Structure formats: C-alpha cells, structure tokens
Amino acid sequence: MSEDYEMMCGIEIHQQLDTKKLFCSCESCLCEEGVGAYYRRLRPTTSETGEVDRAALAQFQRDMGFRYQCSEGTTCLVELDEEPPHEINADAMETSLVFSTMLGANIIDEIQFMRKIVVDGSNTSGFQRTSLVATDGSIDVNGKKIGILSVCLEEDAARKIETKGNEILYRLDRLGIPLIEIATAPDMRTPEEVMEVAYRIGMLLRATKRVKRGIGTIREDLNISIPNGARIELKGVQELRMLPEFVQNEVNRQKMLLNVREILTKRGTKAVPVEMIDVTDIFKTSESKVIKGALDDKGKVIAVKLPGFAGVMNGNNKTLRLGSEMAQYARTKGVKGIFHSDELPNYGIEQKYVDDLKNFLGMIGEFDAFVICAAKEKKATDALQMAVDRANYALLGVPEETRDPLPDGTSKYSRPLPGAARMYPETDVPPTLITTERMNRIRANLPEFPEQIEKRLMKQYGINQQQAQQIVRHSYDDLFAKIADEYGMASVAATMFLNTFTELEHDGLDMNAVSHDVIFEMFSMLKQNRFSKEAIPVLLRELAVGTDIEKAIKKLGLESVDADEAVAIIAKIVKEREDFIRSKGLDAIGPLMGPVMGALRGKIDGKQANDLLAQEITKLIG
Amino acid sequence: MSYSAALSKLLGSISAKEGSMLNIDSHGQTFTGTLMPHNESSAPDVIVLKMKSGYNVGIRVHDDSAIKVLDQPIERVKKEIEVEPKKSLKNIVLIGTGGTIASYVDYRTGAVHPALSTSDMVNAVPEIRDVANISARVLFSIFSENMNVDHWQELAKAVAEEINSGADAIIIPHGTDTMGYTAAALSFMLGDVSKPVVFVGAQRSSDRPSSDASSNLLAAARFCVKGDRAGVFVIMHDTPGDDSFAVHTGSRVRKMHTSRRDAFHSINVPPVAYIDKDGNIEFTGEGRHVSTEKTEVRTNMEKNTILLQFYPGMDPALFESAIMKSKGIVIAGSGLGHVNENMVPLIKKATDNGSVVVITSQCLNGQTNLNVYNTGRDMLVAGAMTVHDMLPETAYVKLMWALANTKNIETAKEVMKTPIAGESSDRRTIDV
C-alpha cells in the first residue's frame, strides 16, 4: 500500500426508495404508534459444517428475546415473518437498475436475493434480504474518478424502540422498506472529498425521482483509515455536512493512537496481565458518588495495575486520550465508566485515596498507572478485562472497529468489525433475469443528470449558473420550477436558495428541516401579499426550527399593511423629522429609509417604501 | 446439479462441479466465484456463482464465454457428536419423516438437505439434550404432501416397536401440510398407546434463525417428559409468538392457515394443554396417564376410500365411477352436511352396493345433522351416515381403518359412530 496520502475513505450509502415495501404491498412510511408485542427469539443456526457459533449461542441461552410492534397500513404478516415474501416490488427493482445505469455500472444478468444472517432482532426472519444488482461503476467528482464497487437492492430493518432487561422492543414499520446500498471504492483522500462524493451520489439518487427525502431516509457508513492505522467503520451518519468533521476527527484519533504507540514503545512498555485486585477496603469511606453508589449496591471496587501506561490515558494537555477508548470498551459491559490514574484525583475521589491505592498496588514508578471500576463484581471485572485488553492493544496500534457517530462530530466504540457476512439464497424469491431489451429501454430513458438539470433551469428561468448549481446540489429543482411556473418568482426563489439558505446554514440552521411543501406554501402566501419578500430570511429562520408558517407570520408581525396604513406610518415618520427634511429636501430620502424600513420591514417591499416616502416628503416641502 | 443439458455438458467438460471456484469471462465482464447449484427458476443459459462478498449472481453464458476452473472444492467432513445417555433423564425417540422441520440448508450452496442423523435433527436445538436422552431414527425423508397410507402404516409400526422396546415417548417431526392426517391415522392405528406420541412441525424452515422448529421441538420434549399423558398429539405454536404452544389431540387438529406459526387449531374441542416458554404445562381437562402396558398396533387400511368436497352444481355423472369403485366414501357437505338433490341417488346406489357413505361438514365447526332439512332426510334414506362433529380428514382416515379392521359393514358403521381416540363428541358447549 502506498503511503503518500494522509487518509483513505470509502462510503456506503443506504437510501430508502419511495415505493411500497420491497416484498409486500404495505406503505413504506414510519408510524407514531405501534400496537401488539409479539415475542420472538432468534436462534443462531448451525453452520455448513454442522457447528453452532458459540458466542451467538451463549447470547441466545441468556434468554435474549425480542418483541415486535405492528402499525396500521405499514405492517402485515410478511413483516411479522408469518408469511413468505411476495414478488419483488417492480418500481424498486427498476429504480435500482436505472440508478446503476447512471453510474455506468455492469448490471448482473440474473439478480438473486440472498439471506444475510442478522440475529440482533432487527429482522424478524433473522436475516436481511439483499441482492447484488450491479458492480464496477464510477462517478466523477471535481474531475476525479471515484469507483463504485457495488449497488445492492435490499430491505431496511425494524426500528429499535427500547431495551428492557433481556428484551428489545422493535417496531416493524421500517422493516422491508426498499433500500439501495451503494459502496464506493476507498478512493477519497480528504474529509471534504468525502462530503463531495456523498453529495454527488445523493444528487444522482434524487435524480431518479424515486427516492425518499428527509431525516433518516439516507444513511452513510464511512470506512476510514490512515497509513499504519486500521479500517474503522463509522455507522449511520445522517447529516451530510458533518461528514468532513467526522472524518477529520477519526483521522486525528488514529494519529493520536499511533502517537501513543510510539510513546509506549519508546518506554519499553509491555502488555500487562489482567490481574483483578479487590481494593474495596481502601474506598470504604470514599465520598465519591459513583463509588458510594456501587458499594451501597453490594458492589466492589476492583483495580488492575497498568505499569508503563501513565500519561497516555489522559495526558499532554488532553491530546493523548487512550483512557477514553478504554472507557468506551468498558461501557459495552454495562458499567457507567472506569477511573484511571491519569484522571485522578477527580470525580469526588480525593488525593488521599489515590495515594493509598498507589501504595497498596505498589504503583509508584514514573510511568506506573492503574485503572479501577466500581460495580457489582462480575460487571466490574468484565469491564476491566475489556479496558485492559484495549490498553494492551495500544502497543500494537489502532484496532479495527465499528464506531457510532456522536452529535459533536466524534464517535464512540460500538463493536469489533463484523466478519464476512453469512449469506445463503432466499429461495422464496425467484431470481430476476435482466433482459437486453429491458436494459436498452432503461438506457434510452435515463433521467436527467444534475448537469442537464442545471442547464435547463438556467435556460428556461434565466437564473445564473451558481444559482442553478446550488438548486440542483440540494435537489430543489422540482420545487424551484414549480414556484417559477406557478408564481413567476424564479429570481426571488433562486436568490433564496443560493444566498438566504447558505447564510442560514452558516448560522447553524438545518434547512433540510423545512419541507418542500412548506417552502411552496410560503411562496403561495408571498404571492397573496401576506408578507413581502424581504421577510423571507426571518421567516425561514422560524420555519427551520419548526414553527408553523401562520404562527411565524403572526409572531414576527409580518402581516402586510395596506397602502393607506403604510402612508400613515410614513407620514408620521416624516412629520417627526420635519426640520431635518426641510433642511435636506429630497436628499432626506436616503437617511430616512432606515427608520421607515424599521417600521415596515417585511410588510411592504423596499421600492414601494421608497416611492411612498418620496411622495410624503414632496407633499411636505411642496 | 440440474443445469440445462448444454451447460451441464460444458461444466462437465472442464470438470467443474458444485463448489468449484470458477472464473467466467463473458461479454467483457469477468466474474470469479464458487459454482452454486442451478436455481429451478433460473434461465437455462445462466450459471450461478457465489462471489467473495457472499452474494450469488446469475451469469449468462454466451458462445464466446470463457470458463476456467481455478480451484476444486474441499470435501467437508461433518462431525457426529456422540452423547452418552444420562440415567436421570427419560428416553425420547425421534422418528424422522421429512418436511420443513427435518431439513437443513447447506449454507455454502443454499441447497436444502434432509436431516439424516440424530445430530442433524438435534443440532437445531442442542438444549433438548438437557430435557431428555434423544435418539433419532430416520424413517422417511419426504415432503408431507407425498405421504400415503403405506407411510402411515410403516410409521405406526415403528412407533409401537420403539415404545415396546422401552422408549418413554416418541416425537415425530413431520411436514405440516398433511400432519393432521398422519396424526389421525396413528391415533386409530395405535389405539390405547401407553406413551405420548407427539407430532411436531415447523412453519418456518430450520435454517432460519426465526424458525419455529426448535421451540416446537423443545415444547414437545418437555410435554413428553413432564406431561404424563398417553396418546397421539400435535404440538405447535399457539400464537405468532415464541412464548406459547398448544397441545392438540391428534384426531382433532387441522392446519387452518397457509403460513402462520399458529396454523394448527383444535376443532370443536379446546387444545389438550398449553405450554409456556419456560415449559410450564396447563391442562384443560382429564386424559389417559402414561403406563407400562404393551402397545398394540393395528395398521390395516381399506385404501379404496375417497374424500370429496361437495360444491354447488356438483354433477353426479363426474363422480359416479370414483364413488362406485370405493368401499368408503366421505363427503364434506355444506352446512349441516348437505349435498344437492342430484347427488342423493348416487349415494343410494353406493350404499346399495355395500359401500359406506359418511357425511361430514365443510363448516368443520359443529355437528352434522341430516334430520333438519328435506335433503338431509333424503340422504339418510339413501343410506348416508353422520359421525357427530368429526373432521372430514379424520373421518376419511377412520373410515379406511374401520373398514379394514371390522368383519362387516354394520360393525364398521358402529365403529365410525363410537369415539376411539377422542375424534368425535355428541356434546359441545359455549365458552363461558
């Protein structure tokens, strides 16, 4: 592998299709309510050699069970795994073929659905139905070719509602919604490029006009690695604009871990044996809430010595953070956290206890460290085993992991990378032969590519290229055309999409939260002079945080005034500044526009205000 | 592997077999993967490969396609696990007949194979070994729609043999389509069997993590060990959930849904018992206790017996030859048990000829009664008989058995009227 790059990244995108479900005729939307709670278990099945995965069986024997809720209109016996799948939804299959063709990918001659074993309960059957539709496509992003490894058509999983004890409650509304899964080659080399590629794929998907929009309908998994680092899969990022931040933070994290390895290697630190030491007696009188809580709950304080690890768990001005990685591993065993010597005294654990513990453990050398956990004994030792294993791995470098994104752009450990998926044929669904005639027809009727849409918008509505690009990038083209066609407000809309949206997003507002219907309604009201176009930015600010449009207009006092009322307001302002006007004459218009617009902003437009002001001033000075 | 003749020849010529690693170069595209068996619904010129990613893809083979074998498969050896029986546990014999419950999938190829050994069957539910000592015997390996009277007879003999050789209980994994018929047949053939004989099926195949096979099997084993009930039963899910099971009388049970886990229902009676997910058994009434008596088996059957469903406009001319060739005729009539007036003379002709005509109802629920309407009275005059609330399928099986195990028609008819294995009753109540 060449190492003349800082990072490499591939993306896997899952996009819900706007059709009925993939294997039944249920509606593919989510419901507020779920009814029923059918109990099920998923048993790890025997492998081809007649053996059962021991870890999976152990989990099964711990009595892990699942309950499934149904929802009106969106679930039937198929989702409950009480009826075999019906025929493949024709629109979904067609969309996947169209999209694959747009990527220049090779379509598989005969598409076969597979059963991909998943026993976490998110699929009632215990497997996800998935099919490989095409391979070897590519897209062009800023002049660079990005490889597309595969396009798959598959079913979405059930939604987790809550976990209670050893039962997980799922709602079945999302199960079976068709998804297109696109996997790119690991061709991206900068965090910004990752976002650009995701944008491009998103645009192409939306160009098919058969995909869902809105929160949760498109999800991205990132595969990120740096030279000498490891492949990390960051699963389920929903906000595109946060992609560069996630990528950069992961790159930084891997660099930090490589730095830690170097420090440990220089010190000659060796992997430590996991030796659990009961130190409950030392903490009997501790006032720390965590420790007190654990001891009151008949728990213990367990310690493990970590010779050679001081300063890398939380050190060098918080740039070395192995401790936080260790804590994330420990938490997978159900503890709230661990304490390590780099962060103590703190959290109510005073210096006296730290000193006592150090002396007891004999951890008094320069790089001697320790980690403790306060919980029920089994939980605490399980958690410490994870934490110390993780610490030891730091000597080797970066472990391969699946990580969950966090809202602040960082991520946390979720589980080890899954091994190769176990798949076998879905015999209930016959294979689909893709005929040459069908592909010829699809090729002859491909939807418009984004560049073609841009050109059409520029030509037809007289907007500039920058505006057109912005509109298409965010897939507002249909909405824009509708506003322009029905209300003749192409230039107002184009300015809004380019300037106002960019400005508001810059201020941290999520413009995706404003639905196309709401934007169209806003223009309909603008057309009826309910407010003036100057009010659009303030109005959008309200809409972006979820305010109802009628309420927003009232709240902002935008209700337009009629001409007489405006004249009266302007006349009053003119009267108040009579001396100033008499000294300046018509030159007073400029300075007075400020107070006039202050009183009338959003209610009449600027030009009208200017005209009325001129009219009133003329009236005054004669 | 059932590829088309042309493809089989092509694959044979390069010694490619199921599991071989192939490289196919076809119209500019190259695929590398493991050769899979042909899918019945695949096009005749398509070869199925399993790619490294795990996906199967169908590749069209053209005249100019190039196929190379890169590697041949390694034969896998399946391990048979020998388990020592525990003295403290009861001994259950599993008698395999085939069907969804007794098959497993080769995950490499996706091909479904019948379970042919004890471990094949028990592997799906290893914890069953904590409930009882299990030994298995594979009698047939067929889909239940292919079961016939000979299979019932062979099965009944095998069950009696195992019980008389010391088995504490018998579990029969069976395809669900005709499980009700087989259970009814064994109910009569085994008479006062001294031990529990339990049929179990699966509505979802056992290769799936969500299969109901293992939980049904486990519930059956627990019932066999703790239930202290002798007789022929069917145990399946009682709801779509994996937390409730119903024990049905073998002669009273019917598959009432094409696909649901709780497809099996007791008709005209409550189930014998319910079992929860922890194996607690709740009986709904009394029954025969397990004993050490020898089990007698009477397997004779009159195969010239037919089961017909009446429908409006049924034309006697179409059925005359079948009816007149049969010693026993069961008709599932409409409502209380009616056929149209045109069919009545044919009934008379059949009974005059020495055949037994038994009337049941398509309603399934409730008792037949031919005294209420004129047609019914005419049918009685023509020689038809009713058998209370017996299921049509059970009546069909019982009639075969009654005709073959009695000296004359009159005794056979008497046997048909008399409940032998809980198959009929003169009394039904409202749930209060």
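1. Domain bounds in this note come from an automatic or database domain assignment. For chain A, that assignment gives domain 1 (8-264), domain 2 (270-394), domain 3 (450-556) and domain 4 (563-621). The structure is a predicted model, in which local features need pLDDT of at least 70, side-chain atom pairs count only at pLDDT 80 or more, and totals for chains, interfaces and linings use all residues. Residues are numbered from 1 along each chain as its sequence is written, while chains are lettered from A and ligands numbered from 1 in the order in which they are written.

2. Confidence. The model scores ipTM 0.91 and pTM 0.87. Chain B has an average pLDDT (the predictor's confidence in each residue, from 0 to 100) of 92, and 94% of its residues score at least 70.

3. Domains 1 and 3 of chain A. Taken over C-alpha atoms, the centres of domain 1 of chain A and domain 3 of chain A are 32 Å apart. Their contact involves 4 residues from domain 1 of chain A and 4 residues from domain 3 of chain A; two residues are in contact if their C-beta atoms, placed from the backbone, lie within 7 Å.

4. Helix 15 of chain A. Helices (H or I, at least four residues) and strands (E, at least two) are DSSP runs, numbered from the N terminus. A residue is buried if 20 or more other C-beta atoms lie within 10 Å of its own, exposed if 12 or fewer, and partly exposed in between, with C-beta atoms placed from the backbone. In helix 15 (residues 536-544) of chain A, the buried residues are A:Ile536, A:Leu539, A:Leu540, A:Leu543 and A:Ala544. They lie on the same side of helix 15 of chain A because they cover an arc of only 135° around the axis, the arc being that of the directions from the helix axis to the C-beta atoms. The buried residues of helix 15 of chain A pack against helix 13 (490-506), helix 14 (516-527) and helix 16 (549-556) of chain A. Just after helix 15 of chain A, A:Gly546 adopts a positive phi of about 100°.

5. Chain B overall. Chain B contains 10 helices and 21 strands. Of its 432 residues, 49% are buried. Among contacts in chain B with a separation of 6 or more, 69% join residues 24 or more positions apart.

6. Nonpolar cores. A nonpolar core is a set of buried Ala, Val, Leu, Ile, Met, Phe, Trp, Tyr and Cys residues joined through C-beta atoms within 7 Å. The largest has 96 residues, and those with the most contacts inside it are B:Ile171, B:Leu186, B:Val198 and B:Ile235. Domain 2 (91-283) and domain 3 (305-417) of chain B both contribute residues to this core, so it lies between them. Apart from it lies another core, of 69 residues, including A:Ala92, A:Cys152, A:Val247 and B:Met36.

7. Backbone points to inspect. The peptide bond from A:Leu344 to A:Pro345 is cis, with omega near 0°; A:Pro345 lies in the loop between strand 16 (339-340) and helix 7 (351-361) of chain A. A:Ser475, a residue other than glycine, has a positive phi near 55°, and A:Ser475 is buried, with 20 other C-beta atoms within 10 Å. B:Leu364 also is not a glycine, yet has a positive phi of about 65°; B:Leu364 is partly exposed, with 16 other C-beta atoms within 10 Å.
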